[in-house]
Amino acid sequence: MAKRIVSLTSLTPTAVADATNFVNQQYFCILQGGTATQLLNIVEFYLGGLAGANAAMILLSSFDSTVGATITAGGTVDAPLSAATAALAAPMKIGNSATTQPQRSATLHLHNLTINAFGGELRLNYPLDQQAVIIGNAVNTGEVSVSMFTGGTAGAVGFHMIYEPA
Amino acid sequence: MKHSTRDSEGVLTVNHKDSPGLSPEFLLEVQKAFPGEDTLPPARGRGMFQAPVMKCIHCQAMIIINPLRNRQRESCPKCRAYICDKCALNMKLGLECKPYTKVIEEIIEANSGNLKEF
């Protein structure tokens with residue numbers, strides 16, 4: 001298919017422990033398959049610190065042990081990287097708001113994205129055969145979240161994630 | 001065709017050149033909080049850190065090819081690819097090698113009704 005990008009201009013997240021409900025629009029995003037067998041490849045993460053004072057933050061991307069239900073965009077913007085993209089028959093679910101709150105798995109963390117949001121920035125790219133794959137929409141394999149872990153100081157961060165439905 | 005386990009690496013760039021950055025103490029705490037997971041090396045919280053990354057062939061976790069690492073980087077002899085420290089420990093404890101592509105195949109089979117009935 002074609003690559004898509006989900007972004008947030010600025011967000012000051014709330015720190016949440018593993019296996020604990022997220023708070024709507026207080027995490028960067030969740031990405032969940034649109035069907036039980038849809039494949040989604042994660043291509044890139046970018047985090048750009050916008051805080052006005054020291055804010056060392058532990059940010060994690062992780063599979064979720066409780067998946068979100070009725071996921072809506074919230075504060076995120078999801079768009080194709082190319083205007084020529086065709087619509088998917090079963091679009092993936094992406095956003096930072098849900099009725100059933102997702103919970104980060106305690107054992108399936110994927111990427112540790114720790115930065116100081118006071119001027120720090122982080123970019124993580126993967127080539128084609130190294131991308132983390134989301135399969136379906138079930139717990140532990142079908143949803144990935146990007147959120148803040150406890151133990152740091154929250155600060156404003158701009159964010160994007162590039163992904164590709166397979 | 002893949003020639004080496006280092007083929008097709010990704011890149012992790014953490015830029016704190018215009019930032020106070022992260023203290024070694026903070027990064028040590030992060031390392032302790034996530035045992036077996038690859039985090040920013042404690043000495044690399046200031047300035048620019050750039051390193052190749054790969055994914056664990058078993059669990060998909062990020063593996064930072066850290067130039068400061070002294071310990072051996074584990075790999076799976078069956079998959080002929082790098083694995084993370086958590087999966088390496090699991091293999092030493094006797095858990096079988098299960099690449100993530102196998103997990104994907106199982107989920108697709110289970111949902112497509114192609115499983116054989118015994």
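How many bridges pair S4(A) with strand S8 (residues 115–116) of chain A, and in which sense? I found two bridges, in the antiparallel sense.

**Entry 1. Ground rules**

I note that this is a predicted model, in which local features need pLDDT of at least 70, side-chain atom pairs count only at pLDDT 80 or more, and totals for chains, interfaces and linings use all residues. Residues are numbered from 1 along each chain as its sequence is written, while chains are lettered from A and ligands numbered from 1 in the order in which they are written. I recorded an ipTM of 0.94 and a pTM of 0.93, as the predictor gives them for the complex. For chain B the mean pLDDT (the predictor's confidence in each residue, from 0 to 100) is 89, and 93% of its residues reach 70 or more.

**Entry 2. Chain A overall**

I counted zero helices and 12 strands in chain A; helices (H or I, at least four residues) and strands (E, at least two) are DSSP runs numbered from the N terminus. The radius of gyration of chain A, taken over C-alpha atoms, is 15 Å, close to the 15 Å from the globule rule for 166 residues, so chain A is as compact as a globular protein of that length. That rule is 2.2 Å times the number of residues to the power 0.38. Along the principal axes, the C-alpha atoms of chain A fill a box of roughly 45 × 30 × 30 Å. Buried residues make up 51% of the 166 residues; a residue is buried if 20 or more other C-beta atoms, placed from the backbone, lie within 10 Å of its own, exposed if 12 or fewer, and partly exposed in between.

**Entry 3. Strand S4 of chain A**

I then followed S4(A), residues 56–66. Nine of its 11 residues are buried. Two strands pair if DSSP finds at least two bridges between them.

**Entry 4. The core**

The core has 67 residues, and Leu31(A), Leu59(A), Cys56(B) and Ile63(B) have the most contacts inside it. S4(A) gives the largest share, six residues.

**Entry 5. Across the chains**

Which strand of chain B joins S9(A)? I found S1(B) (residues 10–16), running antiparallel to S9(A) over five bridges. Leu122(A) stands opposite Val14(B), and Glu121(A) has Asn15(B) as its bridge partner. Within chain A, S9(A) (residues 121–125) pairs with S3(A) (residues 39–49) in the antiparallel sense over five bridges, with Leu124(A) as the partner of Phe45(A).

In total, 35 residues of chain B are in contact (C-beta atoms, placed from the backbone, within 7 Å) with 31 residues of chain A. On the side of chain B that touches chain A, S1, H1 (24–33), S2 (47–55) and H3 (100–112) each supply at least two residues.

**Entry 6. A residue in H3 of chain B**

I checked Lys102(B), which lies in H3(B). Lys102(B) counts as exposed because it has 12 C-beta neighbours inside 10 Å. Its C-alpha atom is separated by 9.1 Å from that of His58(B), 44 residues apart along the chain.

Notes
Core = buried A, V, L, I, M, F, W, Y, C linked by C-beta atoms within 7 Å. Contact = placed C-beta atoms within 7 Å.
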